Amino acid sequence: MTVAVKFFASLKEQLGCDGATVEIGEVATAADVWLQATGGKSLPPNVLVAVNMEYADQNAAVQDGDEVGFFPPVTGGAE
Amino acid sequence: MKVEVRATPLAPWRELASYEEAHPELAGGAGAASVFVGSMRDSNAGDSVTGMTLEHYPGMTEREMLRLCEEARDRWSLLDLLVVHRVGALLPGDPIVLVAVWSTHRREAFEAARHLMEQLKSTVPFWKQEQTDAGRRWVEKNTPGY
């Protein structure tokens, strides 16, 4: 199946790209998608995961055509 | 109800005035409006900050903001909500966020605006990168609001 991957903020800079399209087996979790997209890098513990723009666990199953976003803790708003 | 992510300058008080003009039903019904405006500071963690870039996750950010507003509307008795958040390049003094909540009585407006602001900082995908004399750095932590 095909999954779209997106990286944001400091994670995007560390990985040197803002995302990828990955081909992966039919049964896969968000964490599997991370490994495939990063060439086997371990998933940092503080990284947040979203599947189709909704927060998800790294063990959440992904489906063909899904978009998986990985990003650092959020820091919006103001004082 | 209006939720917006904006890449151009935000003038919160003008924004508020035009929103109220466009919603005349608020006059009379709303006994209370609670408004929060957050702006960029010129220092952070002991360093002078000369600029900031705010990044977001297009699509998800708007969705999360909308979800928070809908949750607030379910939890409190509110008449209307307006949330506008900046992205892109900012300078010290630039407004970053406007949260406005209208309700019949003050308690709901105060509580909902405060809650929305805290949730905005902790769950909505926005990331700040500061420019300091030493270079650019990502902001890693939020200051607690309570």
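Predicted model: local features only at pLDDT ≥ 70, side-chain atom pairs only at ≥ 80, totals over all residues.
Chain A comes first. It carries 2 helices and 7 strands, and reading from the N terminus the order of elements is β-α-β-β-α-β-β-β-β. Along the principal axes, the C-alpha trace of chain A spans about 45 × 25 × 20 Å. The radius of gyration of chain A is 12 Å, and a compact globule with 79 residues would come out near 12 Å, so the two agree. Some 34% of the 79 residues of chain A count as buried. As for how the chain folds back on itself, take the contacts in chain A between residues at least 6 apart in sequence: 48% of these join residues at least 24 apart.

A:M1 sits in the segment before β1 (2-7) of chain A. Leaving aside residues up to four places away in sequence, A:M1 touches A:I24, A:E26 and A:D64. A:A28 is 27 residues along the chain from A:M1, and the C-alpha atoms of the pair are separated by 9.3 Å. With 14 other C-beta atoms within 10 Å, A:M1 is partly exposed.

Then there is the loop between β4 (48-51) and β5 (54-56) of chain A, which holds A:N52. A:M53 lies in that loop between β4 and β5 too. The backbone is worth checking here: phi of A:N52 is near 50°, a positive value in a residue other than glycine. For A:M53, phi is near 70°, again positive in a residue that is not glycine. A:N52 has 16 other C-beta atoms within 10 Å and is therefore partly exposed.

Chain B has 4 helices and 9 strands. From the N terminus on, its elements run β-α-α-β-β-β-α-β-β-β-α-β-β. The radius of gyration of chain B is 16 Å, close to the 15 Å that the globule rule gives for 146 residues, so chain B is as compact as a globular protein of that length. Taken along the principal axes, the C-alpha atoms of chain B fill a box of roughly 50 × 30 × 25 Å. Of the 146 residues of chain B, 37% count as buried. Among contacts in chain B between residues at least 6 apart in sequence, those that join residues at least 24 apart make up 74%.

Within chain B, one helix pair can be described in some detail. Helix α3 (residues 60-75) of chain B packs with helix α4 (residues 106-123) of chain B at an angle of about 150°, and their axes are 10 Å apart. Angles over 145 degrees count as roughly antiparallel, so that is how α3(B) runs relative to α4(B). The crossing of α3(B) past α4(B) is right-handed. On the α3(B) side the contact is made by B:E64, B:L68 and B:A72, which meet B:A112, B:H115, B:L116, B:Q119, B:L120 and B:T123 in α4(B). By class, the residues of this contact split into 5 nonpolar, 3 polar and 1 charged.

A residue in a strand of chain B gives another view of the fold. B:V35 lies in strand β2 of chain B. Not counting residues up to four places away in sequence, B:V35 touches B:L16 and B:A100. B:V35 counts as partly exposed because 15 C-beta neighbours fall inside 10 Å. From B:V35 to B:Q119 is 84 residues in sequence and 15 Å in space, C-alpha to C-alpha.

Finally, the two chains touch. Here 26 residues of chain B are in contact with 14 residues of chain A. On the chain B side, β2 (32-39), α3, β7 (95-103), α4 and β8 (126-132) each supply at least two of the residues. The largest share of that side, 5 residues, comes from α4(B). By class, the side of chain B that touches chain A has 13 nonpolar, 8 polar and 5 charged residues.

Methods:
Residues numbered from 1 in each chain as written. Chains lettered and ligands numbered in written order. Axes fitted to C-alpha atoms, helices over the stretch in contact; angles between N-to-C directions. Parallel < 35°, antiparallel > 145°, perpendicular 65-115°, else oblique. Left-handed = near helix turned anticlockwise from the far one by under 90°. Contact = placed C-beta atoms within 7 Å. Nonpolar A, V, L, I, M, F, W, Y, C, P; charged D, E, K, R; others polar. Rg over C-alpha atoms; globule rule 2.2 N^0.38 Å. Buried ≥ 20, exposed ≤ 12 C-beta atoms within 10 Å, placed from the backbone.
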